[in-house]
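Have the sequence and the 3D view open as you read.

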Amino acid sequence: MTQANLSEILFNPSFNPPETSTLMPRTRNKMSVAMHSTLARDTASSWYRVLNDLLWAWRGVDPIEINQVLARIAASDAERSNPQWLDTVVGYRKGNWIYEWVYQGMQWQQRALEQQNSPLGGQYWLNASNFYSIAGYPYLKGDELAEQAVMLANRAYKEAAILLPYQLKELEFCIEGSKIIGFLHMPAKGEAPFPTVLICGSLDTLQTDYHRLFYEYLAPHGIAMLTLDMPSIGSSSKWPLTQDSSYLHQQVLRQLASVAWVDQQRVTAFGFRFGANVAVRLAYMEPQRLRGVACLKPVVHYLLCGLSAQKNLPDMYMDVLASRLGMVHAADNTLKIELNRYSLKTQGVLGRRCSTPMFSGYWEQDPLSPKEESQLIVSSSLDGTLLTLPRSPVYEGSHQALLQMIRWLKDKTY
């Protein structure tokens, strides 16, 4: 299918699509406040979305292109649903967040089509997937244009795998009579069945956002990577996030015995941000199926129960939580009370001794994931490892953290 035809089919709505920031009609107590978090730009009241441009650049998106797209959005004089937020242009047109990121992705898709049988074409498809993924961010329920951008991201991701030097298997897992899709990435090095890392991502990422983690850090060690969308996102959109946050991943973990490419005796899990809540819960629920759990920037208790931390959360983060929990009309105070129930400490999980080895890394002075969060995780394990990272330099610190984490995971599976 040509680029033009695909674009016309997906982005030619017969209705006036709602602007993303208007999808969560909950009672807000405030406007967004400034906040610094490692891997994200300092948030400001001029943007609804938290700009994760450092993280996007780490995935492989050119920082120059990121700034070009943001500049086009900021410079638009089109109608905005909220004049105080630059990324709230109404309608699928120039200046609209989804339009501009999809447009940039289409440029890379066209280049990929011109390099159909080469690894360079695979890289171009991967670039397109990254831009489509950002277009759909933060993936709120009911955002139909974002859902179509996610479809493009998945398609481009699969096209990239055809041309790049690794194997990608699209796996179907049956849960409650419905299917959930996972992507199994298998390295060129070694032979199946592979030791495998199960990815538990953050609530504002797609399963296609972890390619660099696989290709640069896991594949060289002969380790496979299995990704899943988090509850209420992508292929997991049918399931809202519940207090049993690890439910979907646990069902998949139990079905890995039927996946011939995975060595079920050598499975570990990696949790990023709220994904650590899922991974740590799995460590307690399935110790016989997991050889270890590693976390970075975990969200397992502090943010979920700390009013001082919650009051500084930007509106987008609160909307993401409300969307995942299915509490779209809830007031902030009601939502925060509900979040307490997602704390693994409140649930009586963390704090008890766990036989599964656990590793947790945190950045100094991180307002969303302080040292105490990681200490709680590692002190609850009979074999815990704590990693402290300086706030700067960010990229070098992130690289070293991933290297140490991969060495730790490899040690647990060999």
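## Before we start

A crossing of two helices is called left-handed if the near helix is turned anticlockwise from the far one by less than a right angle, and right-handed if clockwise. Helices (H or I, at least four residues) are DSSP runs, numbered from the N terminus.

This is a predicted model, where local features need pLDDT of at least 70 and side-chain atom pairs count only at pLDDT 80 or more, while totals for chains, interfaces and linings use all residues. Residues are numbered from 1 along each chain as its sequence is written, and side-chain values use heavy atoms, with hydrogens and water left out.

## Helices α12 and α13

α12 passes α13 in a left-handed crossing. The axes of α12 (residues 315-325) and α13 (residues 332-340) come within 11 Å and cross at roughly 65 degrees. Axes here are lines fitted to C-alpha atoms, for helices over the stretch in contact, and angles run from 0 to 180 degrees between N-to-C directions.

Who does the touching? Contact means heavy atoms within 4.5 Å. On the α12 side you'll find Met-318, Leu-321, Ala-322 and Leu-325, and they meet Asp-332, Leu-335, Lys-336, Glu-338 and Leu-339 of α13. These residues split into 6 nonpolar, no polar and 3 charged. For that count, Ala, Val, Leu, Ile, Met, Phe, Trp, Tyr, Cys and Pro are nonpolar, Asp, Glu, Lys and Arg are charged, and the others, Gly among them, are polar.

## Helices α5 and α6

Now try α5 (residues 119-136) and α6 (residues 144-163): their axes come within 7 Å and cross at roughly 160 degrees. That makes α5 roughly antiparallel to α6 (under 35 degrees is roughly parallel, over 145 roughly antiparallel, 65 to 115 roughly perpendicular and the rest oblique). This crossing of α5 and α6 is left-handed.

The contact includes Trp-125 and Tyr-132 of α5, and Leu-152 and Tyr-157 of α6. Its residues divide into 14 nonpolar, 5 polar and 2 charged. Among the buried residues of α6 are Leu-145, Val-150 and Ala-161; buried means under 20% relative accessible area, exposed over 50%, partly exposed in between (1.4 Å probe, protein chains only).

## Met-24, a loop residue

Met-24 sits in the loop between α1 (3-10) and α2 (53-59). At 3% relative accessibility, Met-24 counts as buried. Leaving out residues up to four places away in sequence, Met-24 touches Leu-140, Lys-141, Asp-319, Ala-322, Ser-323 and Val-328. Met-24 and Ser-323 are 299 residues apart along the chain, yet their C-alpha atoms are separated by 7.3 Å.

Definitions and conventions
Helices (H or I, at least four residues) and strands (E, at least two) are DSSP runs, numbered from the N terminus.
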